[in-house]
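Q: Can you walk me through this one? Start with how the elements are defined.

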Amino acid sequence: KKVSDVLDHVNIHYIVMANPDGVMISQTKNRYLKNNANNVNLNANYPYQFVASPTSGSKAASEPETQAILSVCKKLKKEKKLQAIFNYHAMGQIVFGRYSGSNGYIKNMTTKMYWVARNTTGYADQGGYGSGSSKSSGGGFREYALYSLKVPSITVEIGSVSCPVPYSYMPTIFRQNKYVILREAALFL
């Protein structure tokens, strides 16, 4: 499809930096740490199967970054402008796209999104990562999107080395991901 055909019918909203504290910490202090300045892993802080811990937060959505993303998502959902969520994370060259709920539409579209991402990027399946369960991430954003917001969602891990991804890797990452968002958006025409 032509880019103009997609963009004439689908809005694409980007949240460019969901964890600015974590990026700065990983770049300057501890390259393996992905937590924010409060030492909370934001991808364990969402209100879906949340489990309180020192690194997930004292309560679901305790962090300002989580609250900001929830606010944007809820606003778009209320305006009927939230059809799907595509998450980029920084490490692994893996696509997470399993859904074990009962909603046929969400399952179908999440599966389509998953295969578009896999085929476009060449990244691996989530199967060898952790338990591989679609519901294994307590407090995870993708699971919150799927099971609470009830919208199709996938997560794509872009880097092949630990964070921060070196600048020298960016041309390859860009080449692998150049068309993926437009191809994902075309699914919703």
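A: Helices (H or I, at least four residues) and strands (E, at least two) are DSSP runs, numbered from the N terminus. This is a predicted model, where local features need pLDDT of at least 70, side-chain atom pairs count only at pLDDT 80 or more, and totals for chains, interfaces and linings use all residues. Residues are numbered from 1 along each chain as its sequence is written, and side-chain values use heavy atoms, leaving out hydrogens and water.

Q: Where is Val16 found?
A: Val16 sits in the loop between α1 (3–7) and α2 (20–28).

Q: Is Val16 buried or exposed?
A: Val16 is exposed, at a relative accessible area of 76%. Buried is under 20%, exposed over 50%, and partly exposed in between (1.4 Å probe, protein chains only).

Q: Next, the loop between α2 and α3. What is the phi of Asn39?
A: Asn39 has a positive phi of about 65°, and is not a glycine. Asn39 lies in the loop between α2 and α3 and is partly exposed, with 35% relative accessibility.

Q: And Ala61, buried or exposed?
A: Ala61 is buried, with a relative accessible area of 14%. Ala61 is in the loop between α2 and α3, and its phi, near 60°, is positive in a residue other than glycine.

Q: Now Cys73. Which residues does Cys73 contact, leaving aside neighbours within four places in sequence?
A: Cys73 is in contact with Leu82, Ile85, Phe141 and Leu149, leaving those neighbours aside. Contact means heavy atoms within 4.5 Å.
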